[in-house]
Each structure stands twice: as C-alpha cells, then as structure tokens.
Amino acid sequence: MWLPRARCLPPCPSPVASTMPPITAPRGGPLTLYRDLVSQGRPRRNAYQENVASELPAPTAWVVRDGNGGLTCTTDNWDERKSITKLRELLKDKRYLIIIDDIWSTQAWNNIQCAFPENNYSSRIIITTRIIDVAKSCCSSTFDRTYNIEALSDLHARELFFKRIFGSTDGCPDMLKEVSDKILNKCGGLPLAIISISALLANRCTVKEEWEKVKRSIGPALEKHQTLEGMSTILSLSYNDLPPNLKTCLLYLSVFPEDYVITRRRLVRRWIAEGFVSEERGQSQYEVAESYFYELVNKSMVQPVDISYDGKVRACRVHDMMLEIIISKSAEDNFVTVVGGGRTSLSNRHGVIRRLSIQYIDNRLALALGNEDLSHVRSLTVTASGCIKHLPSLAEFEALRVLDFEGCDGLEHVEKFFQLKYLGLKDTDISRLPSRIVMLSDLETLDFRDTYGFSRPPRGGDTRELPAGFVQLTKLQYLLAGKGTKIPSGIGNMSNLRVISNVNATRSAADALEDLGNLTYLSELIVYLDCGGSVFGSKCGGLDAYRMHEEKLFSSLHKLIGSCKLPTGNANLVLLNADLHESWSPMPSALQMFRMTTDYYFPNIPMWISPALTSLASLNINLTELTEDGLYTLGELPALLHLYLTLETGEYKIAVQGIGFPNLKHFKISSGQGTYFTFVKGAMPKLEYLQLNISLSVGRNYGFYLGLAHLPCLRRVLFQYRGATISEVISAGAAIKEEVDAHTNHLRFDITKSDHW
C-alpha cells in the first residue's frame, strides 16, 4: 500500500521469546514487511498463515493453509462465531503467523483478536492500518511494538516526481522548479499522491500557468497532516482530469472487489459489451478499448499487476483508496450498485439498478435485494461462489447484456437472457454448455475456459462438443473455449469470429478444419494438435487420419494468411501439444507462439524452425539434445522474446555465445540429465529473466559458474532443483549468490525446490 500505515506486532505470549526487531519499509506495504520477516528466518515452516483482507464481522470465506501450502480448512459462508471457534481450534497448539491487512477501526480489531489463542509458542500477529489510534488500540501488551512507515524524503520524492514526468531527475526546466517544490510539499512525501499528480502533469503542457493551476486545485491536502481526506482530494483531482470516456471505463472497475486482479482482456471485452467503446479512425473496438486500458495505466489510475515478456500488461488492480472514490462516484451517478464489499445496506441508493455487483450477500441482503426492481439490470457480476445460492431468481433480470460468474459455482439457466452480449463462465462448475445457448443470438463473447466439464476427461459422452446449432451464433466474436473443445462443423458461417482459443484440431471433423479458412476477421487462434497415436486409433484411421487433419488445418491457415485475413503483423497463432515431423513445411509465418506440453522430444531442432518465422515470439520445445548448431538456429529467430528448452539427455556444457538472440528477454532451461549452460560476453544482450532447472551435482562439476556478469539487462535469476540435501542446496545457493551479488543490477535471486519440470 502506498499510504503509510502503522504496523503493530502483538502479542508475544512467552516472556522468554524476543519480539521481532524493528523493520522499516518506507515504500512497501504488508507484503513487503512479510518478505522482510521471512528473509530474517522467522517464522519458518509449519506456520499457519491467514490473510484477513476484509473487515470482520461477516466473512464470506476464510482459508487456512499450512506452511507447505496445503489446504487445512475452508470456512465458506460460516458466521463470525463459527469462524472464530474453528480458527481457535486449529491454532490452539500451533506456532502461527497472522497477517491482518488494513484495519480501519478499533471495533474490527476487537472482533478479530478473539480468534487467535495465546498459546506460548512465540506466535506473531502483524497488523497494518492507516490510523494511529487503531494501531495503539492493538498494542495492549508490553511486548507489542508499533512501526510507523515514514514518508519519502525530499530527495526521493523529487526523484519519483521528476522521473515520472520528464524521464530523469534533471529534466525539469528551471521555470517549473519552484512550483514543483510547492506541489511536492502538498503531497506530503506520500508515493501514491506523488505518482497521481505527476501522472496528471505528464499529460499537460510544461507551462508554468498550467502547473500553478494544478497546485491551486490540490489545496492544502497533505502539506501539514497526512489524512485520508487529503489523499482523497489528490486522487479526485486525477479522476476529474480524465476525459469522459476514461471516466466511464474507470468507474466500471467498481464492479470488482478490493485487491481483485482484473485481466486486461476480460475488462476490455466487458467494456465493449457495455457499449462504452466505438470504432475510431480505422481501429476496431477492441483496439480502442485496449488503448483506454493503457491510458488508465499510464495515468496511474490503475496499477499494473502482471507484465508479460512482450511488455504487455496482462492485468491490473485498483488501489483501495482509488476504489473507494470510484465506488462513491458510481453510487452518486447510479452507475454501479455494489452489494457487499463493506456495504451492508441498499437503503441509501437511488434510482433503478443498472449494473449490479454482488461481492458478498447474506440472507438479510438477499431479502433486501429481492424487494428491488431488477428488470432494468444490464450487467450482473458475482465474484464469490457463496453468493449464488442467495441470489434472487435469475428470471427477474430481464434486460441483462453482461453476465459474469467467473470463478463461481452453482449456476443454472444462464441461457434465458436473449439480449446477452457477454457470458463469463470461466472456472465454474458447469459440466457442459446448455443446448439452448444457441438462442442467444446477440452473444459476442462466450468464455467457458477451465470449466468442470472441459477440464476433465469425458465420461459418458464427450462434454467437449459444442451444442448442436452452435454455429447459429453468427454475432459471436470471442469463443474462449474449454481445453480440447471440438471445432463445430459449419464454423465458417460464424464470420464475425475474431478469437478462437483452446480448440482441438485432431478431435474435430476435417470439414470444420477446412472451414477455418473462411473466417474473415480471425486475428487469434489457439489450437491443440495432439500427438497422432493418442487420438486416432485404428478405427479412426490411425496416423493417416492424423496427417489429413494436420494438412487440413495448415491449408486453412495458409489460406487465411495468403488472403490477408490473418495478417502477419496482428495474428496470434498458437499451437499446443503439437507432434510435428521434420518435414512439416512451410510453417505459417504468422506463428507467434509454439508450446509443447507432451512427452514427445524432437531429436534435434526441426527443419521448419528458421528465421522465416518472423513473428515467433514464444517458443517452448522439447529436445532430446541441443547442439551448437541448434542453438545457433534458435538465435536467428528475429522476434523471439521467450524461450523454454526442455532437454532429455546429455551431460555436457553449452556456452551461449555473443551472437544471436537479439531480443530474447526470458530464458528457461530444464535438464534433469545434466546439460549445463554458461554465458559469454555479448550473449543474449536483452535477457531480463533466467530460470535454471538443473541437477545440482552437474552444477557442482562446473563450480556453479554461469557468467551472469555478461548479461547486462538481467533482473532476476530463479534456480530450481530436485533430489538434493539441504547442505547441497545451501552450497549451490551460496556459489550462485556470489555472482548475483557482483552483478551491477542488484538481481533478485530465488532458489526453490521443484518435484516436476
């Protein structure tokens, strides 16, 4: 969390146990503090960890895990008393570490602390809060300690401010230095405030009058006292500076709970379904919506969470203070109605409900919601499984355009909403798609990835087959299928399809593969091409039938590429589980990702991997062995950003030379039999992430020397091992850490055990 929070560490039950030493984390939140504690070696394994992220009472679900990551207990939909009783029982004879994030009141702490027994095992509780009085109320024992996170110093505040606006600390024009100092004073050294204001100024002219205007708009804010009101003033200023289209898109994020990780693609598709986005200047709706997403990231209105090897932000999260602001503004404008998330009543809302987000609901709230007119609800989002059984009948939601139950169980009758444009069923317990889903003629996005029926082997009929008549959904643009879904015959009639994911070519009819070539707007295709023998038995034609499917698929791909329907620059063609022979040629030049997840190993780099694959950015391949010529071939791939090699045999050393791999950023190697890699000067000049899954005994033969100093852009090293003693692991870690510590980039280094790679 950006805003400083006091930290309290109560209690230390045993008088002989020392309290934790003071730890300061000026820029971090509770996770930073937790990492600091773990790095000092306490607490160790077998600690029971519980992160209570919301304000008790009325938890929807608690999860308790042991130190090995195993699930000990879930308390889905228990009441407060039952939850406290069960937790006390679980923790009674255990040494535990409890982290409670962001407590806002003394009453909340009084409710929570009853769950944690004092058992003289030197347990620890870490609490974060923004309010000093709450921190003091948590410190009832003489062994308790409060740690205040200090604001940024003037030097660090200026560094953060100027780098965000000008790209360097010395880029500020002389005429703006005085007003910059005044603005920084108003920010009070709080990183969130500085980032918000600097993001606002970065999009304005470097004219003194403009900056003076921003300074006056801030008011006294945080200049003298760091208050929540002052921080809200600064965040509101950033919100008010947004254009109307971005305000709408930002307010929409209030449908997700606090700390929820929102994937970029899901959010973009929902914006489109809600009608927030129109085509602009030759850009599709999706491209425009993505530009909105990145504008919000660049303006620091949302926080990027997962940045992929190609630099794209995969997901974001809304800072909890910003979320409070947009929820408040959404309520004022009757834009989104939130049930749960700290809101225990519907009595203060006004107007009809347009968009409904259910984050927690009990019988009382369900009764109140049942008395509301739900016939105007256009969007329904449910983010917790326990809420489903308390929902009013879905038949009351007559006007739904967006229905998103991702991660929830207990769904039924989702096929009744004939105006539906977006149906999110990812990670739910549905066993198969209902037959009447073909009546949703306006449906544009259907997401049923990782659902129960599509993630398990079929029983009593293939649940991976789409309902009869599915190709009647001619407005469908995004078919995000469960793994291994058959491509329906007649798919060529679904001419608006832009994305097809997780379909299985070898399980599909040959005419369906041929039909793929008729999809005019297709820009992304993720298709499984299973090993021939595993799918085609003798009754199905065996290997000959497999080769026919392979030919049909690639004939369609070449047809799309040849007619510019799948342009090389925009295509995202992904092949998974491919069993491809040496002569497979020509490979579609639009291929961006190739991933093997089978036990098949190519004897060498296959002939079809060549510099002609100008779009190949990610390659995951299994090889019997890797020769120097093979490594040279891989280094010639011009667009390669991510490379994962799994090697079956060989106990030898490969030195990566200073040629090739001009853009590679991520490099992973798995070699259980003993291949060892080192890097010479000039090797992989842009590599940022290195993961080594190798035998410790082989590494010891080479002194664990890697040549990390020759990788100038390296940021992180992950070393995974298996089948080693603790002393061997410590020895290996110490040897590698010498290189890590000597690197100029202050590398992050992790060494972990892995049972599989």
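**Local packing and strand pairing in the predicted model**

Ser 238 lies in helix 9, which spans residues 228-240, and the description that follows starts from this residue in what is a predicted model. With a relative accessible area of 5%, Ser 238 is buried, since residues under 20% relative accessible area are placed in that class. When residues up to four places away in sequence are left aside, Ser 238 touches Ser 196, Ile 197, Leu 200 and Met 301.

Two of these partners, Ile 197 and Leu 200, belong to helix 7 and also take part in its contact with helix 8, in which Ile 197, Leu 200 and Leu 201 of helix 7 meet Trp 211, Val 214 and Ile 218 of helix 8. The residues of this contact divide into six nonpolar, no polar and no charged. Helix 7 covers residues 191-202 and helix 8 covers residues 208-218, and their axes come within 11 Å of each other while crossing at roughly 150°. The crossing of helix 7 and helix 8 is right-handed.

At the level of the whole protein chain, 20 helices and 29 strands are present, and 51% of the 757 residues count as buried. Of the contacts between residues at least 6 apart in sequence, 58% join residues that are at least 24 apart. The protein chain exposes about 33500 Å², of which carbon and sulfur atoms supply 48%.

An open sheet of three strands is found with the order 8-10-9 and with antiparallel pairing. Its edge strands are strand 8, at residues 262-263, and strand 9, at residues 303-307, each of which pairs on one side only. Strand 8 is joined in the antiparallel sense, over two bridges, to strand 10, which comprises residues 313-317. Within the sheet, Thr 263 stands opposite Ala 315 of strand 10. In general, the strands of a sheet pair through backbone hydrogen bonds, in either a parallel or an antiparallel arrangement.

Helix 11, formed by residues 264-274, is mostly covered, with 10 of its 11 residues buried. The buried residues of helix 11 include the arginines Arg 264, Arg 266, Arg 269 and Arg 270, together with Glu 274, and among the others are Leu 267, Val 268, Trp 271, Ile 272 and Ala 273. Helix 11 is followed by Gly 275, whose phi is positive, near 85°.

A parallel pairing is seen elsewhere in the chain, where strand 27, at residues 689-694, and strand 28 are linked over five bridges. Leu 718 in strand 28 is the bridge partner of Gln 691. Strand 28, which runs over residues 716-721, is mostly covered, five of its six residues being buried.

Leu 394 and Leu 374 are 20 residues apart in sequence, and their C-alpha atoms are 9.4 Å apart in space.

Definitions and conventions
Residues are numbered from 1 along each chain as its sequence is written. This is a predicted model: local features need pLDDT of at least 70, side-chain atom pairs count only at pLDDT 80 or more; totals for chains, interfaces and linings use all residues. Side-chain values use heavy atoms; hydrogens and water are left out. Two strands pair if DSSP finds at least two bridges between them. Helices (H or I, at least four residues) and strands (E, at least two) are DSSP runs, numbered from the N terminus. Axes are lines fitted to C-alpha atoms, for helices over the stretch in contact, and angles run from 0 to 180 degrees between N-to-C directions. A crossing is left-handed if the near helix is turned anticlockwise from the far one by less than a right angle, and right-handed if clockwise. Contact means heavy atoms within 4.5 Å. Ala, Val, Leu, Ile, Met, Phe, Trp, Tyr, Cys and Pro count as nonpolar, Asp, Glu, Lys and Arg as charged, and the others, Gly among them, as polar. Buried means under 20% relative accessible area, exposed over 50%, partly exposed in between (1.4 Å probe, protein chains only). Accessible areas come from the Shrake-Rupley method with a 1.4 Å probe; for residues, only the protein chains shown count as cover.
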